[in-house]
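Student: Could you go through a structure with me? I'd like to look at a pocket and then at some charged pairs.

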Amino acid sequence: MLQLLTFLVEKLSLLSKFKLFESSWSDRDLDQSRERPVQRGPPPPLLRRGDLLEVPRTLFTHYGIYLGDHKVAHLIPDILPVFSNDQKLISSVITNKRLILGCMYKCATVRVDTLEDFAYGSSIQVNSMDQVMKSDALPNEDVAKRAEKLIGAIPYSLLWNNCEHFVTYCRYGSAASRQTEQFCGFLKSIIRDQRSVMVTVLLGIVSIVCFGMAPSTTLPTVLIPFTLWMAG
């Protein structure tokens, strides 16, 4: 039992520090009919067209490509283009409802917003990914043109086609996501930890006690721990 408690504490502490998602989640939760309050962050550094911008969010980092004239192209989930062709409506501030439904429906847009809307009060880092990527950055003008060609509706995947994949494709020529790699590494650490088998067995027994013996409770109780044990 002590091992189980230690395991849970370790994973919860890791979750509290880990940036779970790579996606381009938004902190905005404003109704479209209400005026958004002005949020001011630190003044942005000198930017060049084609620069890769990143801003911190609560659980992740959001990325975009600077197009010049205080405009940023970035990929963000949005359900509205599925139901409407009204560009004025689509270009309005994306609420959390639109964003969550876009994630579920796997629909996103590469859209152009102002630098202030993109930063949303956060500090902006410029081209910091250049130091960690194996590939050299393309010329800035080529980066901006790649981003502009992708503007519009685009399929979305939280792990395989998010905002970080968009900017790395534009700037380095191939899509990649460090946040996705970190998340997958986190899942691997859980699978390899044999205490997770004990946790799933315990949860399975609790579900059987609470809901009775049935295929919906018995099969997961057997198959999930067995799978974790074999994969560990």
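**Pocket and salt bridges**

Tutor: Helix 3 (87–90), strand 4 (107–114) and strand 6 (152–155) each supply at least two residues of the lining of the second largest pocket. Keep in mind that this is a predicted model.

Student: Which strand gives the most to that lining?

Tutor: Strand 4, with five residues.

Student: And how much space lies in the second largest pocket?

Tutor: About 190 Å³. It is lined by 14 residues, and the closest to its centre are Gln87, Ile90, Ser91, Thr109 and Arg111.

Student: How do the lining residues divide into nonpolar, polar and charged?

Tutor: Six are nonpolar, six polar and two charged.

Student: New topic. How many salt bridges are there in the whole structure?

Tutor: Six. In one of them, arginine 98 pairs with aspartate 78, with the closest N and O atoms 2.7 Å apart.

Student: Where do arginine 98 and aspartate 78 lie?

Tutor: Arginine 98 is in helix 4 (residues 96–105), and aspartate 78 is in the loop between strand 3 (71–77) and helix 2 (80–83), so the pair ties together parts 20 residues apart in sequence.

Student: Are they buried or exposed?

Tutor: Both arginine 98 and aspartate 78 are buried.

Student: What about glutamate 164 and arginine 178?

Tutor: Their side chains meet in a salt bridge, 3.6 Å from N to O. Glutamate 164 lies in helix 7 and arginine 178 in helix 8 (residues 178–192), so this pair ties together parts 14 residues apart in sequence. Glutamate 164 is buried, at 0% relative accessibility, while arginine 178 is partly exposed, at 30%.

Student: Which residues are linked in a network of salt bridges?

Tutor: Arg49, Glu141 and Glu148.

Terms used
Residues are numbered from 1 along each chain as its sequence is written. This is a predicted model: local features need pLDDT of at least 70, side-chain atom pairs count only at pLDDT 80 or more; totals for chains, interfaces and linings use all residues. Side-chain values use heavy atoms; hydrogens and water are left out. On a 1 Å grid over the protein atoms alone, a cavity is a set of points where a 1.4 Å probe fits but cannot get out, and a pocket is an open set with protein on both sides within 12 Å along at least five of seven lines; lining residues have an atom within 4 Å of a point. Grid points are joined across faces, edges and corners, and a volume is the space filled by probe spheres set on the points. Helices (H or I, at least four residues) and strands (E, at least two) are DSSP runs, numbered from the N terminus. Ala, Val, Leu, Ile, Met, Phe, Trp, Tyr, Cys and Pro count as nonpolar, Asp, Glu, Lys and Arg as charged, and the others, Gly among them, as polar. A salt bridge is a side-chain nitrogen of Lys or Arg within 4 Å of a carboxyl oxygen of Asp or Glu. Buried means under 20% relative accessible area, exposed over 50%, partly exposed in between (1.4 Å probe, protein chains only).
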